Every structure is written in C-alpha cells, then in structure tokens.
Amino acid sequence: MRKKTVKDVSVKGKKVFTRVDFNVPLNDQGEIIADVKIKAALPTIRYLLSEGASVILASHLGRPNGKVDEKLRLTPVAARLQELIGAEVLKTDEVVGSQVTRMAESLQPGQILLLENVRFHPGEKKNDPRLAKAYAELADLFVSDAFGTAHRAHASNVGVAAYLPAVAGFLMEKEITALSRSLHNPQQPVVAIVGGSKITDKIDVLHNFLTIADAILLGGGMANTFLRAKGYNMGKSLFEPDQVEQAKEIMEKAQAKGVNLCLPVDVTVATDLHAAESAENVPVDAIPPEKMAVDVGEKTRALFAEQIKAAKTIVWNGPLGVFEVPAFAQGTVAVAKMVAASEAFSIIGGGDVVAAVEQAGVSEQISHLSTGGGATLEFWEGKELPGIAVLQDK
Ligand code: ADP
Ligand code: MG
C-alpha cells in the first residue's frame, strides 16, 4: 500500500487521535444489536496500546445533526469496547472542551479515552478547522481506521490531518489494499456483478467497471431498466424510465470495449412483494403485465455461473433481487455460493449485498467483505476518497 500505516511510524509514548467507525446499529432501547464495527477496530487499538501509546478514540454514531442527542451518546459503546478489549475505557461527556483536554492530558501510555459522539458538534460535518485543531491539540499523531466514512471530509477524519501526521490503521489498510487490488491490474478475467435497486446509484461504478471488467453480470431492479431499454415489457417491475437512455449508452460502451454485458434472460416474477406464492420463473420476453421482476431466474443463474467459474477476480455490488423476502433471495444466495466456491480473488461491497451474503452463510469464503457502503462504492467509482487522500504516502 502506498499510504503509511501505524507500523511506519513510532507510536511509543505518543497520544494518538484515532478515528474509528463505531457507528453500530442500536435497537429501540438504545442497546447495541451488532458489534462487528467495534471488533473491526480492535487490532489497531490493541497494537497502539501494546506499543506504548495512549489512545484517544473518536467516532460518530447515528445522525444527531450537530446537537447533543441523549439517545446517541457513546456510553454503551464504551462499555462494549471495555468488555471486548478487557481494559478500562475512559469516556468524555463532550466532544471537545475543558473536560476533554484535562482527561487527554492525564492519559497514560496503555490507556484508552473515548470522546463523545463527534457529530454532537456542529463543526464536525462542516469540517470546521477550529474543531479539527482542537482534536489535534489533544494528540501527537492521527490514525485513521474509519474506512466507512472515508468518502466524507469531516473534521475528525480529514480536517485533523492538517495539524498532525496522519497514517492508516489496520482496517483502513486492509480495505485500501483489497479494493486497490480489484481496480489496479486485477488478475483477469475480471467479472463484475452489479445489482441493487437503481441505475442512478450505480452509473459511475458501471462506467468504471467497464474499464476493468471482462464481463459484467447485471441483476436486481437496475437490470430492469436495461431490459426495458432492450424493448421488453416489464409489467409492474421497478425500473427507471428516465435512465433508459443511460442504459443504452452503457450497453453501447460495453460493446465498443468488448465487455460481455450479461443481462438476465429470465426472471422470477410475483404480483407484489408480499405474494411469495405467486412467484414463477419466466423468460424476459414473457413478463406478465400484472407481475413484477423480483429476482434473477434459473437460466440466468446458470449463465452467471459459467462466467463466475472462469473468473480470477470478482467484484460484486448490489443484491440481484429483493433479498429481504426469503422467496426472492434465491438468485442472490445462489450467486453468493458460486462466488464463495470460486478460487478467484473476490470482493463484495455495499450495505445490502454484504448483509445478503452474510445471511447466505458464506461470508467466510469471500476474500474480502468491504465494511464501507458509500465509501466502497465511491472507491469503485474510481474517485479519490478524502479520508484516504489525507494520509501520508510512504
Ligand atoms: P447495496 O446496498 O448492496 O449497494 P442497493 O442499496 O443498491 O445495494 O440495493 C439494494 C436494494 O435493491 C434492496 O433493498 C433490494 O430489495 C432492492 N432490489 C433488488 N432487486 C430488486 C428488484 N428486482 N426490484 C426491486 N427492488 C430490488
Ligand atoms: Mg444499499
């Protein structure tokens, strides 16, 4: 990796301002439902502690919109982190201020201090330089391990780097390494799988994948717009009439570049999302007017299997059907199993598709499941993410 990591600098005796992504899901009682994000940050925190640093952690949680929201305090996160790491976790009640300064000053090597939810401060999302400077004044070094927010330029993940040397943590390093491997000189053939609800969300990813992929397999609601562009009647299927031209453009570009753009040849249709019993498999030229396409069909799955078997690199964003309904998750599950069985280097990214692959129970066999939703997508779009750009080069 081009960027410096915690291993490239000396951390002994330093106070390290460490941006992590502790934006965990909470239930109505404010309890943590899943602590994967906290666990993902542990290797970096443990390393810093074992090397004799004091760790000042900063994270956002939810959307408090620049104000204190009692329900979004990081208190339960501090408690869970304390359990997981087996050491005391001190916590401040404010993001910055005299209490924070005092606690940071008295922090000893091997100790952990968690700041209050950074999005309680109105300057955080505005990337206010005064707030960034206040963070920097607490520490000697900035470590960024919050890949999930790397596409945003906020005070705690970008602004602070103007005042402190900035390096990557291990989670950030893992994400950058895996995602770079999929985009820069990937081993061919490269097969990209793109699903999800809308083309609008995926245009830039599709254009970028056209430059790296040998084949692109399309599914989900967005494939419906492509099918519509080819002239098929889509019945009640979700599709975007105003994106039909865009779909045509992408098909032409694929042809010009010799990229094998594989559209569904058959689909699972149903009368609506609650009518699993009405599901049937039909060819794309026979979608009944009163039904909607909710999943890729059986022939399509077999076609996709051939491409996936031949692949040396696989990138996948977006589920291939309405996977939230078990009856319509079969295409996504079948393809997840194909990717899991493949020897190829495989990366899956996107909030929903990662959830679908976890549900399918095959996440262990995927080379890399990306933890960033929007950040992963922007990386695949070929954009430079501000939260990565600020880290020092090796
Ligand atoms: P990701 O989070 O993986 O990037 P998206 O957010 O783009 O994926 O899309 C996920 C959503 O797409 C899911 O809620 C799923 O129900 C929906 N979807 C997939 N296929 C269809 C379809 N055929 N019709 C309607 N919605 C679909
Ligand atoms: Mg999504």
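Hi everyone, let me start with strand β8, residues 215-218, which is covered on both faces: Ala215 and Leu217 lie on one side, Ile216 and Leu218 on the other, and all of them are buried. Please keep in mind throughout that this is a predicted model.

Let's stay with Leu217 in strand β8 for a moment. Its relative accessible area is 0%, so Leu217 counts as buried. And what is Leu217 in contact with, once we leave aside its neighbours within four places in sequence? The list is Val191, Ala192, Ile193, Val194, Cys262, Phe304, Gln307 and Ile308. For a sense of distance, take Val96, which is 121 residues from Leu217 along the chain: the two C-alpha atoms are separated by 48 Å.

Strand β7, residues 190-194, runs parallel to β8, and 4 bridges join the two. If you want a pair to click on, Val191 has Ala215 in β8 as its bridge partner.

Zooming out, β7 and β8 belong to an open sheet of 6 strands with parallel pairing, in the order β9-β8-β7-β13-β14-β15. Which strands stand at the edges? They are β9 (260-262) and β15 (368-369); each has a single partner strand, so one side of each is left without a neighbour in the sheet.

Further along that order we reach β13, residues 313-317, and β14, residues 345-348, which pair in the parallel sense over 4 bridges. Here Trp316 has Ile348 in β14 as its bridge partner.

Thr313 is worth a stop. This residue sits in strand β13. Is Thr313 buried or exposed? Its relative accessibility is 2%, under the 20% cut-off, so Thr313 counts as buried. A polar atom of the Thr313 side chain lies 2.6 Å from the backbone oxygen of Gln187. Leaving aside neighbours within four places in sequence, the contacts of Thr313 include Ser182, Pro186, Gln187 and Pro189, as well as Ala344 and Phe345.

Ser182 brings us to helix α6, where it is one of the buried residues. This helix lies across β13, β14 and β15, running at about 115° to β14. Helix α6 covers residues 170-183, and at 1.5 Å a residue those 14 residues should span 20 Å; the end C-alpha atoms are 20 Å apart, which agrees. In α6, 10 of the 14 residues are buried, so the helix is largely enclosed by the rest of the structure. Among them are Phe170, Leu171 and Met172, along with Glu175 and Ser180. Just after α6, look for Asn185, which takes a positive phi of about 50°.

Next, a pair of helices. Helix α8 is residues 220-229 and helix α9 is residues 244-257; their axes come within 8 Å and cross at roughly 85°. The two helices are therefore roughly perpendicular to each other. Where they meet, α8 brings Thr225, Phe226, Arg228 and Ala229, and α9 brings Val244, Ala247, Lys248, Ile250 and Met251.

Last stop: strand β5, residues 141-144. Leu141 and Val143 point one way, Phe142 and Ser144 the other way, and all are buried. Strand β1, residues 15-19, runs parallel to β5 and is joined to it by 4 bridges, with Arg19 standing opposite Ser144. Strand β6, residues 166-168, also pairs with β5 in the parallel sense, over 3 bridges, and there Val143 stands opposite Val167.

Technical notes
Residues numbered from 1 in each chain as written. Chains lettered and ligands numbered in written order. Predicted model: local features only at pLDDT ≥ 70, side-chain atom pairs only at ≥ 80, totals over all residues. Heavy atoms only, no water. Expected span 1.5 Å × (residues − 1). Buried < 20%, exposed > 50% of the residue type's maximum accessible area, 1.4 Å probe, protein only. Pairing = 2+ DSSP bridges. Contact = heavy atoms within 4.5 Å. Axes fitted to C-alpha atoms, helices over the stretch in contact; angles between N-to-C directions. Polar contact = N/O pair within 3.5 Å; in protein donor to acceptor, adjacent residues only side chain to side chain. Parallel < 35°, antiparallel > 145°, perpendicular 65-115°, else oblique.
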